[in-house]
Amino acid sequence: MIRLGPAGMILAVVLVSSATGADKYVVGQKDKTFIYKGEKVELLKIKVGDTIEFKNLDPFFHNIFSLSDTKMFDLGSFPQGQFRAVTFDQRGKIDIECAIHPQMHMVVEVK
Amino acid sequence: MKTAGEDNGRKPAAQAFSADRNQQIGAARRKAYATIRTGLSVLLAIGLFAAAQQDQQDQRSAFRFPDHIPVPRENQITAARVELGKILFFDPRLSGSGNISCASCHNPALGWSDGSSLAQGDGTVPLTRSTPTIINVAFDPLLMWDGRFRNLEDQVMSPIETEAEMHNSDELLIQTLRDIPGYVRAFEKAYPGDDLTSHTVAKAVSTFERTIISRNSPFDRWVEGNDKAISASAKRGFSLFTGKAHCVACHQGFNFTDDGFHNIGLRGNTDPGRYALVPVRVLKGAFKTPTLRDVAYTAPYMHNGSYQTLEEVVDHYDRGGDDKENLDPNIKPLGLSGQEKADLVQFMKSLTGHPVMLTLPRLPQ
């Protein structure tokens with residue numbers, strides 16, 4: 001029997017994602033900023049159908065919302081270690097913020 | 001063959017010696033082991049103490065006061081601008097009635113606030129929120145309880161022009177100031193070549209407000225390494241603040257604020273707070289986290305001034321707030337002892353900085 005470790009499962013997810021053409025991005029919420037691949041991110045370019053997981057890495061609650069016309073959502077507030085995912089199904093530029101900490105702001109450009 | 005009686009009675013000398021010797025060795029070993037155990041315990045305790053101290057040291061560094069205050073490039077601080085801003089700040093002629101100055105509510109003798117639960121505006125009619133202190137306002141990325149302004153220059157004219165507050169208008173204010181030769185000279189000195197407009201008024205007042213800084217508190221001296229700067233109780237309070245009481249969920253960094261917005265579960269609050277500006281559910285009843293600098297001097301507390309003392313504030317958080325509807329999830333009952341509550345208050349009192357020294361201006365004529 002082939003056992004999939006965590007790395008294998010991640011690989012499997014990536015493969016599944018690749019197979020469907022949609023990608024998954026993980027954006028961290030750390031020190032009240034958005035980070036992607038360890039760096040502060042202000043603009044993330046993705047394509048229609050991609051999903052972003054927003055993961056709270058701070059020891060207090062964060063929120064994720066957007067009031068942009070293209071994609072309006074409020075993913076509520078969630079504690080350290082948890083994440084909320086959102087799939088972007090339309091082209092456009094979307095402002096994403098944490099309602100609790102307004103200095104946390106990033107733009108997702110969906111192409 | 002020995003009988004039981006012999007063993008119970010007299011022991012042969014050699015045997016007795018051997019037994020005594022064994023007992024002595026055993027006792028010595030036990031003593032040595034005990035000493036080692038005690039030593040290890042002491043070492044462990046020292047280690048834990050050192051680790052705790054190191055931990056507290058690390059925690060402290062997150063609260064180190066910055067060397068510089070943020071100043072917009074287009075409104076640098078100069079002595080002439082600070083002086084002009086100060087004069088404007090204390091001048092009741094900025095109000096429609098001629099009776100209210102900025103300092104009427106932001107009174108330096110009352111922690112740059114007013115000592116009242118609710119601010120009083122034009123005609124001494126109470127407003128719906130308390131006067132926030134302007135201490136360390138230079139560091140605030142958003143102004144007002146609901147964060148409606150992004151910088152001081154945009155904020156300053158708001159209370160001047162609001163009917164319920166200073167009840168003046170842009171036109172009347174500028175006409176009043178232009179008719180006072182002393183002001184015309186002071187504006188020319190502070191902003192040479194710029195017209196005397198509400199924009200320059202706002203720039204001057206903002207510049208003065210940026211000099212209202214609370215620092216060099218006993219806490220700051222402790223952060224800088226002076227272990228005797230604050231009491232043992234305040235040190236325990238700091239550990240609670242950053243630990244069990246979880247105050248740092250919101251009151252973070254040197255200015256003790258996350259510059260964020262939280263519904264803290266005040267009983268009977270119907271004010272929507274930031275929700276009126278940003279209609280996201282978590283913001284219903286949420287207000288900006290205030291600084292705790294000089295907090296011993298800025299009572300009453302909370303956006304509606306509902307608590308008169310720091311003890312009442314600590315009790316509020318110990319209960320985990322009162323109104324649970326849309327309560328910030330960081331807030332939970334804390335189970336603090338009486339001593340722990342007292343320690344938190346002592347810690348907050350260690351945040352009192354050196355008072356800003358200023359000479360009250362003579363208003364221009």
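These legends accompany close-up views of a predicted model.

Local features here need pLDDT of at least 70 and side-chain atom pairs count only at pLDDT 80 or more, while totals for chains, interfaces and linings use all residues. Residues are numbered from 1 along each chain as its sequence is written, chains are lettered from A in the order in which they are written, and side-chain values use heavy atoms, leaving out hydrogens and water.

**View 1. The largest nonpolar core has 37 residues.** Such a core is a set of buried (under 20% relative accessible area, 1.4 Å probe, protein chains only) Ala, Val, Leu, Ile, Met, Phe, Trp, Tyr and Cys residues joined through side-chain atoms within 4.5 Å. Among those with the most contacts inside this core are B:Leu84, B:Leu177 and B:Tyr183. A second, separate core of 33 residues includes B:Tyr307 and B:Val345.

**View 2. Here are the neighbours of B:Tyr183.** Beyond four places in sequence, B:Tyr183 is in contact (heavy atoms within 4.5 Å) with residues including B:Asp91, B:Arg93 and B:Pro364.

**View 3. Chain A meets chain B.** Take a look at how 14 residues of chain A are in contact with 19 residues of chain B. About 1300 Å² is buried between the two chains, 61% of it on carbon and sulfur atoms; this is the accessible area (1.4 Å probe) lost on being put together, summed over both parts. A:Phe61, A:Ile100 and A:Pro102 supply 35% of the area that chain A buries against chain B. The count of salt bridges (a side-chain nitrogen of Lys or Arg within 4 Å of a carboxyl oxygen of Asp or Glu) between the chains is 0.

Key: Buried means under 20% relative accessible area, exposed over 50%, partly exposed in between (1.4 Å probe, protein chains only).
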